[in-house]
Amino acid sequence: HNFSFFLSFFLFLGGKYDYDLVVIGGGSGGLACSKEAAQFGQKVAVLDYVDPTVKGKIKIWGLGGTCVNVGCIPKKLIHQAALFGTALKDAKKYGWQISEPVCHDWATMMEGVQNHVRSLNWGHRVQLQDKKVKYLNFKGSLVDEHTVKGLTKAGKETILTAKNIVIVTGGRPKYPTNIPGAVEHGITSDDMFWLKKSPGKTLVVGASYVALECAGFLTGIGLDTTVMVRSIALRGFDQQMAGLVTDYMETYGTKFAWKCVPKRVDKLSSGALQVTWTDTQTGGEHQDTYDSVLWAVGRAPETKALGLDKLGVKLNQETGKIVLATDESTSVPNIYALGDIGEGRPELTPTAIKAGKLLARRLAGQSAELMNYDNVPTTVFTPLEYGCVGLSEEEAEKRHGKDNIEVYHAFYKPLEFTVAERDASQCYIKVVCKRFGDQTILGLHFTGPNAGEVMQGFAMGFQCGATYSHLSQTVGIHPTCAEEVVKVNITKHSGLDATVTGC
Amino acid sequence: MAKYEEVSVRGYDEFCQAVSERKGKDIFAYFSGDKDDQGKSWCPDCVKAEPVVRGEMAHLPEGSVFIYCQVGERAYWKNPNNDFKKTLKLSGVPTLLRYGTPQKLVEEECFKADLVKMMFTED
């Protein structure tokens, strides 16, 4: 402690730190922040380090963080693989002569996915080098507000001093703490995207978008998949939309064990996993065997090994995340944080990237612009995708009062589903508006194919303060699913049938 | 004594042969447009990059292989269906790559000594 005080004092006198900025974490936020800062001539170092998963079953992954290695990127690719499975079935109705049975090979898919992930790791590495950002494969922790300690895998220590420090260490999947066998026999999403062999018959425990997206693509590639939900699905999202998402999944073959809680996981002599669970509605106990158990029960912020308590960096007691001001500063001067580790921040890549860039600009004295976390659109890539921006209907009711909102909605059928004879019962659009005045749009919700692509443009309108009248003045592009958004005209209040009929 | 092996090949078949004879080794491959009798390549970027790449070769790992591959004449290279483009997925010359990995540097990236050094020295 004396040493660090002396060091800081010495540095203050000398006015020289090793770096203008040290970024702890080389994921979406960390890479964006460090590259932007370097662009303004700042001397920057990035520390990226991955602890092996609890089981140590998989090797650690490369530069890029969760999104690149065990999140968005492999998820979307595998979701695409699953969509092809459905497309192959549809294709026959469109005249393609495809011989049955059509099988899916996990190893082939994973090779393609992992090759792409590795090329992204390399691409980030080249970019850092090219932009003169120092990359260190060290596990970073804080010594004081200007000093970071970096630890190599072999345990070798390096000390770096910095004018400013940004913590961007993100989160890791949680394991349940009170279920015997959970850690020894189960896996998380960190493991799923690196499995060499197919997970086989899988039990997915959880009902977050991670759980549903994984269960969705596993079902799509032909695996026997069950989702075990303790209470509700997609907590925090519009619950009517969440219901449509899970209804679709059930129709298309994903099994759901609603209101059930796992009790224990045992490994049988055959190698299979026996899961015992309680049905909380009946109190009854049940058992079944699976090849894999995937825990998707939440993510915990990576703050334990950072030494935050020593420095007095304030954390939210409930979530363990770092408490941040609107400029991403923490309770300690010169220490900032962003991305998943920040309390109240969306756990999304684009917001981490944007916040990282804006912070870099502010620290370099180039700008005073703060990150705007409002109106962030997002999409859940379940088999039936769900895209949204703004408030859920429940949240809009809460904030404005049920009588002060107008909900326009429509059940539509994608044209492509017709020839394919596919059920479109859950393809739905909901536009939640203020009831009076300009009828400003408060929230936009869409379930259907390519929901993310559909929503991106509408998110811009939302950002510009679009009203229902703007929407209805917009001419649709035909024939698309997106045009049904601008054509929406039946309100929930009217009680009329909201099914779109013909052109 | 050099700690790496340098091999010179011309054309796709010779390249594949050289690779197959060195299974299990860490292979770095540098692809350049053919050189004429005066030793000058038709590809100006290759002329610029070669001294940079050669300048970092002292950093090649022990036991590794460096394959210098002349891909062919300009007309052959321009054809989008040539073997290098089709099978090896090369998009341009010069390309420096680590065989069997996604690690590669293409065109202007090969002008940067620090990037070349990074490729030779990092895992």
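Chain B has 123 residues and a radius of gyration of 13 Å, which agrees with the value near 14 Å that a compact globule of that length would have; the radius is taken over C-alpha atoms, and the globule rule is 2.2 Å times the number of residues to the power 0.38. The C-alpha trace of chain B spans about 35 × 30 × 30 Å along its principal axes. This is a predicted model, in which local features need pLDDT of at least 70 and side-chain atom pairs count only at pLDDT 80 or more, while totals for chains, interfaces and linings use all residues. Residues are numbered from 1 along each chain as its sequence is written, chains are lettered from A and ligands numbered from 1 in the order in which they are written, and side-chain values use heavy atoms, with hydrogens and water left out.

Chain B contains five helices and five strands, where helices (H or I, at least four residues) and strands (E, at least two) are DSSP runs numbered from the N terminus. Their order along the sequence is β-α-β-α-β-α-α-β-β-α. Of the contacts in chain B between residues at least 6 apart in sequence, 64% join residues at least 24 apart; a contact means heavy atoms within 4.5 Å.

Of the 123 residues in chain B, 47% are buried, that is, under 20% relative accessible area, with exposed set at over 50% and partly exposed in between (1.4 Å probe, protein chains only). The accessible surface of chain B is about 6400 Å², and carbon and sulfur atoms account for 48% of this area; areas come from the Shrake-Rupley method with a 1.4 Å probe, and for residues only the protein chains shown count as cover.

The cysteines come next. Over all chains, the whole structure has one disulfide, defined as a pair of cysteine sulfur atoms within 2.5 Å. This bond joins Cys43(B) to Cys46(B), with an S to S distance of 2.4 Å. The link of Cys43(B) and Cys46(B) is right-handed, with 80 degrees about the S-S bond. Cys43(B) is buried at a relative accessible area of 4%, and Cys46(B) is buried at 1%.

Cys33(A) is buried, with 0% relative accessibility. Cys388(A) is likewise in no disulfide, the nearest cysteine sulfur being that of Cys72(A), 15 Å away. Cys388(A) also counts as buried, at 8% relative accessibility.
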